[in-house]
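User: Please take a close look at one part of this model. I would like a single residue and its surroundings first, then the wider chain for context.

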Amino acid sequence: MKGAQMIRVQHDTFKLAQVFTIARGSKTAAEVLTATVERDGAKGWGECVPYARYGESLESVTAQIESLPAGITRAELQEALPAGAARNAVDCALWDWEAKRAGKPVWELAGLARPEPLITAYTLSLDTPEAMRASAAAQAHRPLLKIKLGTPDDLPRLRAVREGAPEARIIIDANEGWQMETFLDLQAELHALGVVLVEQPLPAAGDEALSGIERLVPICADESCHDRESLAHLRGKYDVINIKLDKTGGLTEALALRALARSEGFDVMVGCMVGSSLAMAPAALVAQGADFVDLDGPLLLAEDRSAALHYKGSEMDPPEPELWG
């Protein structure tokens, strides 16, 4: 006879160490939803960050999760919910539950190699050039910095960051904030300043303009890439895709997207929303062997989960079973 089955969801808040600003706005806390699956004496959990950019809210995602039958399987879940935050939290919770019930780690259940430590980017939020120079100088020991831009006047900010961290590799994330003219005007300067990647320079709805242009710096699809269905629209426009579990709708689709993207010649970045260690843990499996890793969410927090991920500088250890997986 089967034991009790239930899926619960709760809203958790984690204060940030400092205000985090992108082109769309600022936040002082990570507002996340935690889904817990309990069946047959085992519990699994997962985390998601609803994102207004994709029409999600804490309330709408909670309602999606609460609509699911308690005994839903991972395979059924892929059909029951679309790619997005709700499916991500439950998919990761089911993976964790399966691992706990089987007494085996998720990587083994998924047929993956044992995960190794990763080097993650560290994100500097959008600010004045002077403030960004100071932030870059404080983090200049890190090998990879990601800077939030996306305004008509970003060159002074980029130059300031390079002055503050002369040795670091730099990723730029415009968060759809530029127009084509701005991007084309900036490209030569980006290359000259040693930028290694530009994320989503144009709005997703207008990225057709990227087709066939000369690339001085590789271009990465973020808001334009959600799941495997996205790839057909990215060919010829992007060199790299940013896989985020809140976009793919969980680890199941993220692993499938990684495999297909690689087979089609895309490089891979694995990124995150601003969340806790629980959100980064499954993403760490997808990030194994990635060309770029951006799983610094916990480094931006003033508080985190118990059994949190361990970071030594920019090196991130794989999750312990006490956290997830």
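User: Is Trp95 buried or exposed? And which residues is Trp95 in contact with, leaving aside its neighbours within four places in sequence?

Analyst: Trp95 is buried, since its relative accessible area is 6%, under the 20% cut-off. This is a predicted model, and every value below is computed from it.

Start with the location. Trp95 sits in helix α3, which covers residues 85–102. Its contacts, with neighbours up to four places away left aside, are Arg74, Val106, Leu109, Ala110, Leu251, Thr252 and Trp324. One of these, Leu109, is 14 residues from Trp95 along the chain. The C-alpha atoms of Trp95 and Leu109 are separated by 8.7 Å.

Cys92 is buried, at a relative accessible area of 1%. The count of disulfides comes to zero. Cys92 is accordingly in no disulfide, and the nearest cysteine sulfur, that of Cys48, is 9.3 Å away. A disulfide would need the two sulfur atoms within 2.5 Å. Cys225 is likewise buried, with a relative accessibility of 1%. Cys225 is in no disulfide either; the nearest cysteine sulfur belongs to Cys220, 8.0 Å away.

Gln187 is found in helix α7, residues 180–192. Gln187 is buried, with a relative accessible area of 5%. Beyond four places in sequence, Gln187 touches Glu214, Arg215, Leu216 and Val217. Leu216 is 29 residues from Gln187 along the chain.

Now the loops. Thr120 lies between β4 (118–119) and β5 (122–124). At 0% relative accessibility, Thr120 counts as buried. With residues up to four places away not counted, Thr120 touches Leu144, Val293, Asp294, Leu295, Asp296, Leu299, Tyr311 and Ser314. Thr120 and Ala23 are 97 residues apart in sequence and 22 Å apart in space, C-alpha to C-alpha.

Two loop residues have a backbone feature to check. Gln200 lies in the loop between β8 (195–199) and β9 (219–221). Phi of Gln200 is near 40 degrees, a positive value in a residue other than glycine. Gln200 counts as buried, at 0% relative accessibility. Ala307 is in the loop between β12 (292–293) and β13 (311–312). Phi of Ala307 is also positive, near 55 degrees, and again the residue is not glycine. Ala307 is partly exposed, with a relative accessible area of 37%.

Then the start of the chain. Ala4 lies in the segment before β1, which spans 5–22. Ala4 is exposed, with a relative accessible area of 55%, over the 50% cut-off. Ala4 still has contacts: leaving out residues up to four places away, Ala4 touches Glu38, Arg39 and Asp40. From Ala4 to Ala85 is 81 residues in sequence. Their C-alpha atoms are 25 Å apart in space.

Finally, the whole chain. It holds ten helices and 14 strands. Buried residues make up 55% of the 325 residues; Trp95 is one of the buried residues. The radius of gyration is 19 Å. A compact globule of 325 residues would have a value near 20 Å, so the chain agrees with that expectation. Along the principal axes, the C-alpha atoms fill a box of roughly 65 × 40 × 35 Å.

Contacts between residues at least 6 apart in sequence tell a further part of the story. Of these, 65% join residues at least 24 apart.

The surface comes last. The chain exposes about 13,300 Å², and carbon and sulfur atoms supply 51% of it. There are 32 positive and 48 negative charges. Their mean positions are 3 Å apart.

To return to the request: Trp95 is a buried residue of helix α3, in contact with residues including Arg74, Leu251 and Trp324.

Notes. Residues are numbered from 1 along each chain as its sequence is written. This is a predicted model: local features need pLDDT of at least 70, side-chain atom pairs count only at pLDDT 80 or more; totals for chains, interfaces and linings use all residues. Side-chain values use heavy atoms; hydrogens and water are left out. Helices (H or I, at least four residues) and strands (E, at least two) are DSSP runs, numbered from the N terminus. The radius of gyration is taken over C-alpha atoms; the globule rule is 2.2 Å times the number of residues to the power 0.38. Buried means under 20% relative accessible area, exposed over 50%, partly exposed in between (1.4 Å probe, protein chains only). Contact means heavy atoms within 4.5 Å. Accessible areas come from the Shrake-Rupley method with a 1.4 Å probe; for residues, only the protein chains shown count as cover. Lys and Arg count as positive and Asp and Glu as negative; His and the chain ends are not counted. The place of a charge is taken as NZ of Lys, CZ of Arg, CG of Asp or CD of Glu.
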